[in-house]
Amino acid sequence: VIQQIRQDMPTVRGIIHAAGTLDDHLIVDLERRHLRAVLSAKVDGTLNLHEASIDLELDFFWLFSSVASMIGSVGQANYCAANAFMDSFAAHRRANGLPAVSIQWGPWADVGMAARAGTSEGSIARIGVKRGLEAMEAIAGCDRDLRSGVVGVARIKWKSLLGQMPKVPPFLSKFGGAKGGKRALAGGGASAVSQDSIKTVVVGVLQDVMDGGSDDLDLSSPLMEMGLDSLAGVEFRNRLQASFDGLQLSSTLMFDYPTVPDLVDYIWSQVGPSE
(Lines give C-alpha, C1' and ligand atoms only; values in the text may rest on other atoms or scores of the structure.)
Protein backbone atom coordinates (compact mmCIF):
# COMPACT_ATOMS: atom_id res chain seq x y z
CA VAL A 1 0.00 0.00 0.00
CA ILE A 2 2.79 2.41 0.89
CA GLN A 3 4.52 1.70 -2.42
CA GLN A 4 1.27 2.37 -4.29
CA ILE A 5 0.85 5.65 -2.44
CA ARG A 6 4.41 6.67 -3.24
CA GLN A 7 3.81 6.15 -6.93
CA ASP A 8 0.35 7.66 -7.32
CA MET A 9 -0.22 10.14 -4.49
CA PRO A 10 1.44 13.11 -2.74
CA THR A 11 4.18 12.48 -0.20
CA VAL A 12 3.03 10.75 2.97
CA ARG A 13 3.50 13.10 5.93
CA GLY A 14 1.87 11.10 8.69
CA ILE A 15 0.48 7.71 9.68
CA ILE A 16 -2.35 6.76 12.04
CA HIS A 17 -2.63 3.11 12.98
CA ALA A 18 -6.19 2.64 14.28
CA ALA A 19 -6.76 -1.05 13.56
CA GLY A 20 -7.84 -3.44 16.25
CA THR A 21 -10.00 -6.45 16.98
CA LEU A 22 -11.37 -8.20 20.07
CA ASP A 23 -11.55 -11.83 21.13
CA ASP A 24 -12.46 -11.60 24.80
CA HIS A 25 -11.89 -14.47 27.22
CA LEU A 26 -10.98 -14.80 30.86
CA ILE A 27 -7.27 -15.42 31.20
CA VAL A 28 -7.73 -19.04 32.31
CA ASP A 29 -9.56 -19.72 29.03
CA LEU A 30 -7.08 -18.00 26.70
CA GLU A 31 -5.60 -20.13 23.93
CA ARG A 32 -3.09 -19.32 21.21
CA ARG A 33 -5.85 -18.71 18.66
CA HIS A 34 -7.40 -16.07 20.93
CA LEU A 35 -4.08 -14.22 20.97
CA ARG A 36 -3.24 -14.50 17.29
CA ALA A 37 -5.90 -12.23 15.76
CA VAL A 38 -5.79 -9.62 18.51
CA LEU A 39 -1.98 -9.36 18.52
CA SER A 40 -1.81 -9.44 14.73
CA ALA A 41 -3.87 -6.30 14.27
CA LYS A 42 -1.84 -4.30 16.78
CA VAL A 43 1.64 -5.84 16.77
CA ASP A 44 2.02 -6.92 13.13
CA GLY A 45 0.23 -3.79 11.95
CA THR A 46 2.57 -1.54 13.90
CA LEU A 47 5.70 -3.33 12.72
CA ASN A 48 4.55 -3.34 9.08
CA LEU A 49 3.83 0.39 9.10
CA HIS A 50 7.15 1.09 10.85
CA GLU A 51 9.18 -0.90 8.34
CA ALA A 52 7.29 0.44 5.30
CA SER A 53 7.80 4.07 6.36
CA ILE A 54 11.23 3.94 7.94
CA ASP A 55 12.76 6.10 5.19
CA LEU A 56 9.92 8.63 5.06
CA GLU A 57 10.21 12.03 6.72
CA LEU A 58 7.01 11.81 8.73
CA ASP A 59 5.51 14.61 10.79
CA PHE A 60 3.63 12.12 12.96
CA PHE A 61 3.25 8.40 13.57
CA TRP A 62 0.23 7.78 15.78
CA LEU A 63 -0.69 4.45 17.31
CA PHE A 64 -4.22 4.10 18.65
CA SER A 65 -3.74 2.11 21.83
CA SER A 66 -6.33 1.61 24.58
CA VAL A 67 -6.88 2.62 28.19
CA ALA A 68 -6.96 -1.15 28.76
CA SER A 69 -3.17 -0.99 28.53
CA MET A 70 -3.10 1.52 31.39
CA ILE A 71 -5.55 0.05 33.91
CA GLY A 72 -6.39 -3.41 32.56
CA SER A 73 -9.76 -4.76 31.47
CA VAL A 74 -11.58 -7.87 32.65
CA GLY A 75 -11.54 -10.62 30.03
CA GLN A 76 -9.16 -8.72 27.74
CA ALA A 77 -5.65 -9.82 28.70
CA ASN A 78 -4.83 -10.39 25.03
CA TYR A 79 -6.09 -6.93 24.08
CA CYS A 80 -4.21 -5.32 26.98
CA ALA A 81 -0.97 -6.99 25.87
CA ALA A 82 -1.43 -5.93 22.26
CA ASN A 83 -1.93 -2.30 23.23
CA ALA A 84 0.95 -2.39 25.70
CA PHE A 85 3.17 -3.34 22.75
CA MET A 86 2.04 -0.21 20.92
CA ASP A 87 2.91 1.94 23.93
CA SER A 88 6.36 0.40 24.20
CA PHE A 89 7.00 0.66 20.48
CA ALA A 90 6.16 4.37 20.49
CA ALA A 91 8.83 4.85 23.15
CA HIS A 92 11.26 2.76 21.04
CA ARG A 93 10.72 4.92 17.96
CA ARG A 94 11.19 8.13 19.91
CA ALA A 95 14.39 6.79 21.48
CA ASN A 96 15.67 6.33 17.94
CA GLY A 97 14.78 9.84 16.83
CA LEU A 98 11.57 8.91 15.02
CA PRO A 99 8.19 10.55 15.61
CA ALA A 100 5.67 8.46 17.53
CA VAL A 101 2.77 8.83 19.93
CA SER A 102 0.68 6.03 21.39
CA ILE A 103 -2.77 7.23 22.53
CA GLN A 104 -4.47 5.09 25.16
CA TRP A 105 -8.06 5.80 24.14
CA GLY A 106 -11.04 5.12 26.29
CA PRO A 107 -14.20 3.93 24.48
CA TRP A 108 -15.81 6.38 22.06
CA ALA A 109 -19.54 7.07 22.17
CA ASP A 110 -20.71 6.72 18.58
CA VAL A 111 -17.86 5.05 16.70
CA GLY A 112 -15.31 2.33 17.30
CA MET A 113 -15.35 -1.16 18.78
CA ALA A 114 -17.14 -0.31 22.02
CA ALA A 115 -19.96 1.46 20.17
CA ARG A 116 -20.36 -1.42 17.72
CA ALA A 117 -20.35 -4.00 20.50
CA GLY A 118 -22.90 -2.05 22.54
CA THR A 119 -21.05 -2.79 25.79
CA SER A 120 -21.99 -1.11 29.05
CA GLU A 121 -19.75 1.69 30.31
CA GLY A 122 -18.99 0.45 33.79
CA SER A 123 -16.14 2.44 35.35
CA ILE A 124 -15.16 4.16 32.09
CA ALA A 125 -17.58 6.55 30.41
CA ARG A 126 -17.54 7.01 26.66
CA ILE A 127 -15.86 9.87 24.86
CA GLY A 128 -18.05 12.00 22.61
CA VAL A 129 -16.79 12.42 19.07
CA LYS A 130 -16.37 16.18 19.47
CA ARG A 131 -14.31 15.81 22.65
CA GLY A 132 -12.26 13.04 21.07
CA LEU A 133 -11.38 15.23 18.10
CA GLU A 134 -10.48 18.08 20.46
CA ALA A 135 -8.13 15.73 22.28
CA MET A 136 -6.51 14.72 19.00
CA GLU A 137 -5.99 18.38 18.11
CA ALA A 138 -4.36 19.04 21.48
CA ILE A 139 -2.05 16.03 21.12
CA ALA A 140 -1.08 17.09 17.61
CA GLY A 141 0.11 20.40 19.02
CA CYS A 142 2.38 18.93 21.67
CA ASP A 143 3.28 15.38 20.66
CA ARG A 144 6.99 16.16 20.39
CA ASP A 145 6.99 17.50 23.96
CA LEU A 146 5.61 14.32 25.54
CA ARG A 147 8.15 12.63 27.78
CA SER A 148 7.38 9.02 26.91
CA GLY A 149 5.28 9.34 23.78
CA VAL A 150 2.32 7.70 25.54
CA VAL A 151 -0.78 9.66 26.53
CA GLY A 152 -4.10 8.46 27.94
CA VAL A 153 -7.44 9.95 26.90
CA ALA A 154 -10.36 8.48 28.83
CA ARG A 155 -13.34 9.46 30.99
CA ILE A 156 -12.65 7.31 34.04
CA LYS A 157 -14.98 7.15 37.02
CA TRP A 158 -12.12 6.98 39.48
CA LYS A 159 -14.17 6.43 42.60
CA SER A 160 -15.95 3.52 40.96
CA LEU A 161 -12.78 2.04 39.48
CA LEU A 162 -10.58 2.33 42.56
CA GLY A 163 -13.35 1.22 44.87
CA GLN A 164 -13.43 -2.24 43.31
CA MET A 165 -9.68 -2.80 43.70
CA PRO A 166 -8.47 -4.71 46.78
CA LYS A 167 -5.38 -2.49 46.67
CA VAL A 168 -4.77 0.61 44.57
CA PRO A 169 -1.50 0.38 42.60
CA PRO A 170 0.97 3.20 43.32
CA PHE A 171 0.66 4.78 39.88
CA LEU A 172 -3.08 5.36 40.49
CA SER A 173 -2.78 6.47 44.11
CA LYS A 174 -3.29 10.17 43.35
CA PHE A 175 -6.50 9.72 41.37
CA GLY A 176 -10.08 9.97 42.56
CA GLY A 177 -9.34 10.75 46.18
CA ALA A 178 -10.17 7.12 46.97
CA LYS A 179 -7.99 4.83 49.03
CA GLY A 180 -9.38 1.72 47.41
CA GLY A 181 -9.46 -1.53 49.27
CA LYS A 182 -12.47 -3.34 50.64
CA ARG A 183 -15.07 -1.33 52.50
CA ALA A 184 -15.73 -2.91 55.88
CA LEU A 185 -19.48 -3.40 55.64
CA ALA A 186 -19.07 -6.71 57.37
CA GLY A 187 -16.49 -8.87 59.10
CA GLY A 188 -16.08 -7.75 62.68
CA GLY A 189 -18.77 -5.11 62.17
CA ALA A 190 -21.80 -7.31 61.83
CA SER A 191 -23.96 -4.84 63.71
CA ALA A 192 -23.46 -2.37 60.86
CA VAL A 193 -24.73 -4.69 58.16
CA SER A 194 -28.35 -5.59 57.47
CA GLN A 195 -30.26 -7.11 54.60
CA ASP A 196 -31.42 -3.63 53.62
CA SER A 197 -27.87 -2.27 53.56
CA ILE A 198 -26.76 -5.29 51.50
CA LYS A 199 -29.59 -4.68 49.04
CA THR A 200 -28.61 -1.02 48.75
CA VAL A 201 -25.02 -1.97 47.90
CA VAL A 202 -26.06 -4.68 45.42
CA VAL A 203 -28.50 -2.41 43.58
CA GLY A 204 -26.01 0.48 43.57
CA VAL A 205 -23.22 -1.65 42.09
CA LEU A 206 -25.64 -3.14 39.57
CA GLN A 207 -26.79 0.27 38.37
CA ASP A 208 -23.23 1.57 38.15
CA VAL A 209 -22.00 -1.43 36.16
CA MET A 210 -24.98 -1.06 33.82
CA ASP A 211 -24.03 2.53 32.94
CA GLY A 212 -26.10 4.29 35.57
CA GLY A 213 -28.95 1.84 35.21
CA SER A 214 -32.45 2.82 36.11
CA ASP A 215 -34.14 3.71 39.39
CA ASP A 216 -37.07 1.44 38.58
CA LEU A 217 -35.25 -1.85 38.04
CA ASP A 218 -37.45 -4.93 38.31
CA LEU A 219 -35.46 -6.66 41.02
CA SER A 220 -37.37 -9.88 40.51
CA SER A 221 -36.04 -10.21 36.96
CA PRO A 222 -32.97 -12.38 36.34
CA LEU A 223 -29.77 -10.36 36.21
CA MET A 224 -29.02 -11.51 32.66
CA GLU A 225 -32.44 -10.33 31.47
CA MET A 226 -31.60 -6.89 32.84
CA GLY A 227 -28.78 -6.72 30.27
CA LEU A 228 -25.86 -7.84 32.42
CA ASP A 229 -23.55 -9.53 29.90
CA SER A 230 -20.70 -11.88 30.80
CA LEU A 231 -17.98 -9.21 31.07
CA ALA A 232 -20.18 -6.80 33.01
CA GLY A 233 -21.09 -9.77 35.21
CA VAL A 234 -17.43 -10.28 36.09
CA GLU A 235 -17.09 -6.62 37.07
CA PHE A 236 -20.33 -6.87 39.08
CA ARG A 237 -18.99 -9.89 40.98
CA ASN A 238 -15.59 -8.31 41.63
CA ARG A 239 -17.08 -5.08 42.93
CA LEU A 240 -19.48 -6.90 45.24
CA GLN A 241 -16.58 -8.88 46.69
CA ALA A 242 -14.70 -5.62 47.21
CA SER A 243 -17.68 -4.23 49.13
CA PHE A 244 -17.88 -6.91 51.83
CA ASP A 245 -14.94 -8.16 53.88
CA GLY A 246 -14.49 -11.89 53.57
CA LEU A 247 -17.11 -12.39 50.86
CA GLN A 248 -16.24 -14.85 48.09
CA LEU A 249 -18.53 -15.13 45.06
CA SER A 250 -18.21 -17.82 42.42
CA SER A 251 -17.78 -17.15 38.70
CA THR A 252 -21.26 -18.68 38.22
CA LEU A 253 -22.83 -15.95 40.33
CA MET A 254 -25.58 -15.06 37.85
CA PHE A 255 -26.65 -18.69 37.54
CA ASP A 256 -26.42 -19.55 41.24
CA TYR A 257 -28.30 -16.45 42.40
CA PRO A 258 -30.17 -15.20 39.34
CA THR A 259 -32.10 -12.32 40.95
CA VAL A 260 -31.21 -9.50 43.33
CA PRO A 261 -33.26 -10.97 46.23
CA ASP A 262 -31.51 -14.34 45.76
CA LEU A 263 -28.13 -12.65 45.82
CA VAL A 264 -28.96 -10.49 48.84
CA ASP A 265 -30.09 -13.57 50.80
CA TYR A 266 -26.83 -15.36 49.96
CA ILE A 267 -24.61 -12.41 50.91
CA TRP A 268 -26.56 -12.02 54.16
CA SER A 269 -25.95 -15.68 54.94
CA GLN A 270 -22.21 -15.13 54.46
CA VAL A 271 -21.60 -11.78 56.14
CA GLY A 272 -24.59 -11.32 58.44
CA PRO A 273 -24.43 -11.93 62.19
CA SER A 274 -23.98 -15.51 63.35
CA GLU A 275 -26.93 -17.35 64.88
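Axes here are lines fitted to C-alpha atoms, for helices over the stretch in contact, with angles running from 0 to 180 degrees between N-to-C directions. Helices (H or I, at least four residues) and strands (E, at least two) are DSSP runs, numbered from the N terminus.

Ground rules first. I'm working with a predicted model, where local features need pLDDT of at least 70, side-chain atom pairs count only at pLDDT 80 or more, and totals for chains, interfaces and linings use all residues. Residues are numbered from 1 along each chain as its sequence is written, and side-chain values use heavy atoms, with hydrogens and water left out.

**H2 and H4**

I looked up helix H2 (residues 32-52) against helix H4 (residues 77-95): their axes come within 8 Å and cross at roughly 15 degrees. That makes H2 roughly parallel to H4 (angles under 35 degrees count as such). On the H2 side I found contacts (heavy atoms within 4.5 Å) from residues including His34, Val38 and His50, and H4 brings in Tyr79, Phe85 and Arg93, among them. By class, I noted 11 nonpolar, five polar and two charged residues in this contact.

**H2 by itself**

Where does H2 bend? I found the bend at leucine 39, by about 45 degrees; the angle is taken between axes fitted to the seven residues ending there and the seven starting there.

Note on methods
Parallel < 35°, antiparallel > 145°, perpendicular 65-115°, else oblique. Nonpolar A, V, L, I, M, F, W, Y, C, P; charged D, E, K, R; others polar.
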